[in-house]
2 protein chains.
Amino acid sequence: MGTTQLEPVQEPKYWHLKTVLSEALDSDFAVGEILPNERELAARFGVARATLRQALEQLELEGRLQRRRGVGTTVAPPRVGVAVSTAQRDWNGEVADQAWQPVDCVTGEVPTAVRSLLGFREEPGTGPVYVIRRTRVSNGQPVAAELLYVPASSVPDLSAIDAPAGPARARSVLRELHRVNLKGQDRSVELGSARADDAKELDRLPGAPVLVVTTRYLGVAGTAAVSVATYRADTCRLTFGDSGAVEIRHERQEQRRAS
Amino acid sequence: MGTTQLEPVQEPKYWHLKTVLSEALDSDFAVGEILPNERELAARFGVARATLRQALEQLELEGRLQRRRGVGTTVAPPRVGVAVSTAQRDWNGEVADQAWQPVDCVTGEVPTAVRSLLGFREEPGTGPVYVIRRTRVSNGQPVAAELLYVPASSVPDLSAIDAPAGPARARSVLRELHRVNLKGQDRSVELGSARADDAKELDRLPGAPVLVVTTRYLGVAGTAAVSVATYRADTCRLTFGDSGAVEIRHERQEQRRAS
DNA sequence: AAGTGGTCTAGACCACTAG
DNA sequence: TAGTGGTCTAGACCACTTT
């Protein structure tokens, strides 16, 4: 129809920029390499810094980049596969490199959402609940922070209430919970943003994107415990193996170039 | 109450703003209600529009808000629980309201990442691969778009190559794939951003946050098929039930106020 | 045509890290 | 102290939906 339309559909600059940068990462950069700083990149592409940052944010969300204040922007390694086991053996065993580390154990308040998962009815008395904090490390990097809520009624044969709050008490509660046979578990995964305390544990800024894994552990008499684990969404790929771990080889090439 | 004084804290403005808005959503707004527009909200809180938008983006990421260009910002309903079944019956059955809908089926190219999951070795000939597009709907809203890669060698008894590309062919490939007994499946979940085609299917803008579920279906002779499904991260909560669906009652209150 | 959210700019200052 | 990414501003225009 006569004249040739150059760009019939206007692609946003930051989107196009993201594509260009993504291809550059594939071809010209190696994992761990430091990118030019944002001001220079913005100037190089002829856009405002805010626009450039919009593209970098996307790439960081996809796990391609890692940005650290005061340091710079580096090319991120492929995401770590983190097993979210379906079996029950995750209470103790598990791959040594990715085990949960008990951090603390107090008897504290329970969020409303968790209360209903535990089967608690209304406001009035519901008995004490152990709140265990655990962290998970992979390749030396923290990948997840967890709050595990265990009603004292789920571990009746435990006399650790008087033990000092801390990792030791956390371990004894976990051991006792492990004794009561668990019938199964329900699990859900959703996107969230890191609360201040989790962010600190994960070495990220508050609001960083996380994958929230909520697990309900079922005992003989209903829900025995509820776990809310937040995984770093930028560095983690959660794996649910019915028969081994999924291994994804990304299509990225790691080439030369040092500049 | 017109303007809310932001405390002189070290906390970033947008973060504090997000908290304030979140509490306001809990107490003063009902699901589906329309918020004041961004320019007015920004003025009301005494911040720049960009700062206000940073807070809104966070809340949208957490599934609390829904923003539509040309329309406005509304209070989002609680996330839909979408079952990512562990069993094999998801090929056909499944909850009627959340079933997959075949859209198309062509024989096309396979991304590098999927190639390695399928066990393909190097560049040269690997035989044709069916690429099936499916979508998933829940409560009338599209929640997921999937690309299912089925090597023709996985469905040898199929003579549908000559059938016209389309939903009909997709169904016959799925039926045939269902016939070969599947031994199990590996699955992984990670955060991503919607590609242009997926975004269109999901009624979102390109780059919208999605949960990417990669599934490897194992047959008697290795990987029989690979599925890459992208779920809307803002509206979906993926559930993995070992014994029924997880039901989360969010701590939000739906109160009065109509304005 | 009016009103909404989405994109983009060109600055400024702050918080953090490292030499 | 110099350099980085993180936050924030006050505008402008664009794409889209509804009236």
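Helices (H or I, at least four residues) and strands (E, at least two) are DSSP runs, numbered from the N terminus. With that in hand, we can walk through the structure. This is a predicted model, in which local features need pLDDT of at least 70 and side-chain atom pairs count only at pLDDT 80 or more, while totals for chains, interfaces and linings use all residues. Residues are numbered from 1 along each chain as its sequence is written, chains are lettered from A and ligands numbered from 1 in the order in which they are written, and side-chain values use heavy atoms, with hydrogens and water left out.

Start at DNA strand C. A residue is near a strand if one of its heavy atoms lies within 4 Å of it. By that rule, 27 residues surround DNA strand C. The closest are Lys13(A), Ala48(A), Thr51(A), Gln10(B) and Arg49(B).

Which elements supply this surface? Chain A brings helix H1 (13–28) and helix H3 (49–61), each with at least two residues. Chain B brings helix H2 (38–45), helix H3 (49–61), strand E1 (65–68) and strand E2 (72–75), again with at least two residues each. The largest share, four residues, comes from H3(A). By class, the surface has eight nonpolar, eight polar and eleven charged residues. Here Ala, Val, Leu, Ile, Met, Phe, Trp, Tyr, Cys and Pro count as nonpolar, Asp, Glu, Lys and Arg as charged, and the others, Gly among them, as polar.

Now look at the DNA side. Of the atoms of DNA strand C within 4 Å of the protein, 68% belong to sugar or phosphate, and the rest to bases. Individual side chains show both kinds of partner. A polar side-chain atom of Arg39(B) lies 3.1 Å from a base oxygen. For Arg49(A), such an atom lies 3.4 Å from a base nitrogen.

Next, turn to two loops of chain A. Asn139(A) sits between strand E5 (129–138) and strand E6 (141–151). Its phi is near 55°, a positive value in a residue other than glycine. Asp203(A) lies between helix H6 (196–201) and strand E8 (209–219). Asp203(A) is not a glycine either, yet its phi is positive, about 60°.

Are these residues buried or exposed? Buried means under 20% relative accessible area, exposed over 50%, and partly exposed in between (1.4 Å probe, protein chains only). Asn139(A) is exposed at 58%, and Asp203(A) is exposed at 56%.

Asp234(A) is buried, at 7% relative accessibility. Its loop runs between strand E9 (222–232) and strand E10 (236–241).

Terms used. Polar contact = N/O pair within 3.5 Å; in protein donor to acceptor, adjacent residues only side chain to side chain.
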